[in-house]
Amino acid sequence: MWRASPDLAEEVIREYGYDHIVPTFLNTAAVTNGGLNYEQKQQLKTKRLLAAQGFYEASTLAFYSNAEFDMLHIPAEDEARKAIRILNPISENLSVMRTLLAPSMLNVIVDNLKKGNAEGRLFEMAPVYLAKELPINEHPHERQTLCIGAFGPEEDFFTVKGALEALAEGFDLTFTYQRETTSWLHPGISAAVYCNGKRLGVFGKLANEINAELEIAKEQKDSQNIYLGELDYEALMSCVEGELRYKPLSPYAAVKRDLALVCDEAVACGDIEETIRKASPLITEVKLFDIYRGANLGEGKKSMAFSLTLSDPAAEVSNEQVERTVKKVLGNLKFKLGIEIR
């Protein structure tokens, strides 16, 4: 019987004796240490930042069917519908290459609910497959994408927003948010994410009509909150300026001030935060910590309370500087957004 040359060489060496073999090293070879490249390190860092927020990594197949687009009520003319069809699929359920991660994430959430897991936080980092034209005549773009899902009676919009804020802080970025929706998100509880003017993606609560159509128990639908988010990971990484560098802590204590503001219901939190930040370079952090609505505020009004942190790495922030900064903040808010202090 014919045997491959490596097998024959092994038999000869065994007869000759391994102890008689003198090891040699290739002249042009070099010993290298294994490790992760820059891109792999960034991906690992992203996963660790989300894991620190209580999210577990999910892994799904790169295929699904057109039924997933129908599940999310994606319009027929939407770009996401331009999926690459598999000529010989294993089954009709795996007949197209995914163009979104959200359908796969929602299916994972539904599977967990069916198995009795009433709450959870999940994320997936994986490519979606985007063709320049159909039928394809060249390799599609495999765009790395990040999808986040949170479900459970206690989860809300700020679960996902908080995870995104942690992600931004971890890469020394600042995210801004604008009201926006898609066919699969609730029109009043969703937003688009931006960084340096680039649109990264969208997140929010699953649309009520889609939630009603899920194949889960009725009591789960009534008490369940499902939130999804999908970000273009490549766009996110394009905002990161290389490796983070150590910044020494300021020897001077930061000063905090709380402001309770009354504004129209239509005024967005992001607009208020942006106006406050632009008022002074001393303002290093702005956090919303309370929202109040009541008859005493007037119809169509709400109260939003913010915590401001003021600091200067080179000197102590004086009381006069704090008062001037707060006065300027209030003046800008009134002039630009019609906001009054409560």
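This is a predicted model: local features need pLDDT of at least 70, side-chain atom pairs count only at pLDDT 80 or more; totals for chains, interfaces and linings use all residues.
Strands of a sheet pair through backbone hydrogen bonds, either parallel or antiparallel. Here, four strands form an open sheet, and the pairing is antiparallel. The order is β11-β12-β10-β13. Which strands stand at the edges? They are β11, residues 283-292, and β13, residues 340-341. Each has a single partner strand, so one side of each is left without a neighbour in the sheet.

Now look at β10 and β12. Strand β10 covers residues 255-264, and strand β12 covers residues 301-310. They pair over 10 bridges, in the antiparallel sense. Take V255 as an example: its bridge partner in β12 is L310.

Next, the helices. Helix α9, residues 269-279, lies across β10, β11 and β12. It runs at about 150 degrees to β11. Helix α10, residues 319-337, lies across β10, β11, β12 and β13. Its angle to β10 is about 15 degrees.

Last, the backbone. Most residues other than glycine have a negative phi, and most peptide bonds are trans. Where do we find something else? Go to the loop between β4 and β5, where P135 is found. The peptide bond from L134 to P135 is cis, with omega near -5 degrees.

Then there is D172, in the loop between α5 and β6. D172 is not a glycine, yet its phi is positive, about 60 degrees. N196 is not a glycine either, and has a positive phi of about 55 degrees. Find N196 in the loop between β7 and β8. Is N196 buried or exposed? At 59% relative accessibility, N196 counts as exposed, because the cut-off for exposed is over 50%.

Definitions and conventions. Residues are numbered from 1 along each chain as its sequence is written. Side-chain values use heavy atoms; hydrogens and water are left out. Two strands pair if DSSP finds at least two bridges between them. Helices (H or I, at least four residues) and strands (E, at least two) are DSSP runs, numbered from the N terminus. Contact means heavy atoms within 4.5 Å. Axes are lines fitted to C-alpha atoms, for helices over the stretch in contact, and angles run from 0 to 180 degrees between N-to-C directions. Buried means under 20% relative accessible area, exposed over 50%, partly exposed in between (1.4 Å probe, protein chains only).
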